[in-house]
Amino acid sequence: MGHGLIDATAVHTALDAGAAGIGRPPLPALKNFLITSWWLSHTMPLAPTGGSR
């Protein structure tokens, strides 16, 4: 998320508004966000952490 793919503030704002019953819940956007997040977490190689070998 730190690479500019997702605007975390916009996600939090939309989810907070939906949870508070303000406006329409962004269900299609939430679905796309969750699918993309899952896909990225399962397809992107993990970066080396520099830990012990």
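How many residues has helix α1, and what distance does helix α1 reach from its first C-alpha to its last? Helix α1 (residues 8-19) has twelve residues and reaches 16 Å.

**View 1. Overall chain of the predicted model.** The protein chain holds two helices and zero strands, these being DSSP runs numbered from the N terminus (helices H or I, at least four residues; strands E, at least two). Of its 53 residues, 4% are buried (under 20% relative accessible area, 1.4 Å probe, protein chains only). Local features need pLDDT of at least 70 and side-chain atom pairs count only at pLDDT 80 or more, whereas totals for chains, interfaces and linings use all residues. Residues are numbered from 1 along each chain, and side-chain values use heavy atoms, without hydrogens and water.

**View 2. Helix α1 and its ends.** The 16 Å reach of α1 is close to the expected 16 Å, which is 1.5 Å times one less than the number of residues. A side-chain oxygen of D7 caps the N-terminal end, 3.2 Å from the backbone nitrogen of T9. Just after α1, G21 adopts a positive phi of about 80°.

View 3. The C-alpha atoms of T36 and L5 are 10.0 Å apart.

Key. Buried < 20%, exposed > 50% of the residue type's maximum accessible area, 1.4 Å probe, protein only. Polar contact = N/O pair within 3.5 Å; in protein donor to acceptor, adjacent residues only side chain to side chain.
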